Amino acid sequence: MSAAGSQAAAVSRPRPRPAAARAHARRDGIVATEAFSRGDAITRDWMGWGALRVLSRQHWAPGINRDDGRVANMERLLLVLEGALEADCGALGRHRLEAGDLLWISTGHGLPSRVSNRSATAPLRLVECWLQPGRVNATPAVACRSAGGFDADGAWVALAAGDRGESGGGNDDDSGNHAGNAGGGNGVHINTSDSGPLPLRQRARLMAVRIAAGAAIDVPACRGGRCWLEVLDGGVAVSGHDNNDDDPRLASGDGIAWTAGSSGAPSTLTATAAGTAWLLLFVLPA
């Protein structure tokens, strides 16, 4: 059995991942808090959660650049929480993001990139996620979604979704969306001018919601797979299907993982802190 399969089999109840227990990495003006083991930030009990391999909350000093080199066979998502980011994706262009914007980089058979804090005076805060794709060595692709995290007031909004097929169907981007050729054989830049979800080359969904203090919202069904909830801001009380008294409370930076059918799987979230709770939910294959 794979490590991921063993991990799933061992989980009978939701598994919190508090911010205080996460490893930190500091390098070249970037402070990263890692949900899973990555580089020198080692947490052997957390090597990933199914297809979700990286969940990194990052604080960048002003003017910092990071050369990511050539990455292959990963679905990368970068959500800007504060500040301004620029991503140079080579033949697939330069992409500028403001707070709330989301960038999808499907590295496919290999794509170099360089990421920068565009401001020389202000910090940059972002969340970076990597998912394993449903198949390898696809054509690289890039797309952006404006206000990816800020248009989710009071209801879940799909920011990215691969429900329409990571297994292909003749499209250049394997996503069910129209793709325009922006780099010949080097990749495609996908037009996402509407407010719909970005594509993913994996049968997964990334959703977001912002709920006011005291408000509650139901958690979407996991449907036979895995889920991960991450609190970007604020805090929530988690109510499970079995209504246990030990249901957790999560603060900014905390997360919780569960599998479909888990005893006490989260069913309702109630914002507890002053201000708005901003939440991300990953729905992943088993």
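**Cavities, pocket and strands**

Colleague: In the lining of the second largest cavity, how many residues are nonpolar, how many polar and how many charged?
Modeller: This is a predicted model. The second largest cavity has a volume of about 30 Å³. Its lining includes E75, S106 and R201. By class, the second largest cavity is lined by 4 nonpolar, 5 polar and 3 charged residues.

Colleague: What is the volume of the largest cavity?
Modeller: Rolling a probe the size of a water molecule over the atoms shows where empty space is left. The structure holds 2 cavities of 30 Å³ or more. For the largest cavity, the space comes to about 40 Å³.

Colleague: Which strand gives the most to the lining of the largest cavity?
Modeller: Among the residues that line this cavity are L77, L78, L79 and L102. The lining divides into 9 nonpolar, no polar and no charged residues. The most, 3 residues, come from strand 6.

Colleague: Now the largest pocket. Which residues of its lining are the closest to its centre?
Modeller: The largest pocket holds about 530 Å³ of space. It is lined by 19 residues, and the closest to its centre are A25, R27, E34, R38 and R66.

Colleague: How many charged residues does the lining of the largest pocket have?
Modeller: Strands 2, 3, 5 and 11 each supply at least two lining residues. Strand 5 gives the most, with 4 residues. By class, the lining has 5 nonpolar residues and 3 polar ones, and its charged residues number 11.

Colleague: Is strand 9 mostly covered, or is it exposed?
Modeller: In a regular strand the side chains alternate between the two faces of the sheet. In strand 9, L102, W104 and S106 point one way, L103 and I105 point the other way, and all are buried. With 5 of its 5 residues buried, strand 9 is mostly covered.

Colleague: In strand 12, what is the bridge partner of L103?
Modeller: Strand 9 pairs with strand 6 in the antiparallel sense over 5 bridges. There, E75 has S106 of strand 9 as its bridge partner. Strand 9 also pairs with strand 12 (residues 141-145), antiparallel and over 5 bridges. In strand 12, the partner of L103 is C144.

Colleague: Why is strand 20 largely enclosed by the rest of the structure?
Modeller: Buried means under 20% relative accessible area. Strand 20 spans residues 235-240, and it is largely enclosed because the number of buried residues is 5 of the 6.

Colleague: Which residue in strand 23 does S239 stand opposite?
Modeller: Strand 20 is joined to strand 21 by 3 bridges, and the two run antiparallel. G235 stands opposite A251 in strand 21. Strand 20 and strand 23 pair over 5 bridges, also in the antiparallel sense. In strand 23, S239 stands opposite T268.

Colleague: Which strands stand at the edges of the open sheet?
Modeller: The open sheet has 7 strands in the order 1-22-19-24-17-13-16, and the pairing is mixed.

Colleague: Which residue in strand 16 does A160 stand opposite?
Modeller: Strands of a sheet pair through backbone hydrogen bonds, either parallel or antiparallel. Strand 13 (residues 157-161) and strand 16 pair in the parallel sense, over 2 bridges. In strand 16, A160 stands opposite L198.

Notes:
Residues are numbered from 1 along each chain as its sequence is written. This is a predicted model: local features need pLDDT of at least 70, side-chain atom pairs count only at pLDDT 80 or more; totals for chains, interfaces and linings use all residues. Side-chain values use heavy atoms; hydrogens and water are left out. Buried means under 20% relative accessible area, exposed over 50%, partly exposed in between (1.4 Å probe, protein chains only). Two strands pair if DSSP finds at least two bridges between them. On a 1 Å grid over the protein atoms alone, a cavity is a set of points where a 1.4 Å probe fits but cannot get out, and a pocket is an open set with protein on both sides within 12 Å along at least five of seven lines; lining residues have an atom within 4 Å of a point. Grid points are joined across faces, edges and corners, and a volume is the space filled by probe spheres set on the points. Ala, Val, Leu, Ile, Met, Phe, Trp, Tyr, Cys and Pro count as nonpolar, Asp, Glu, Lys and Arg as charged, and the others, Gly among them, as polar.
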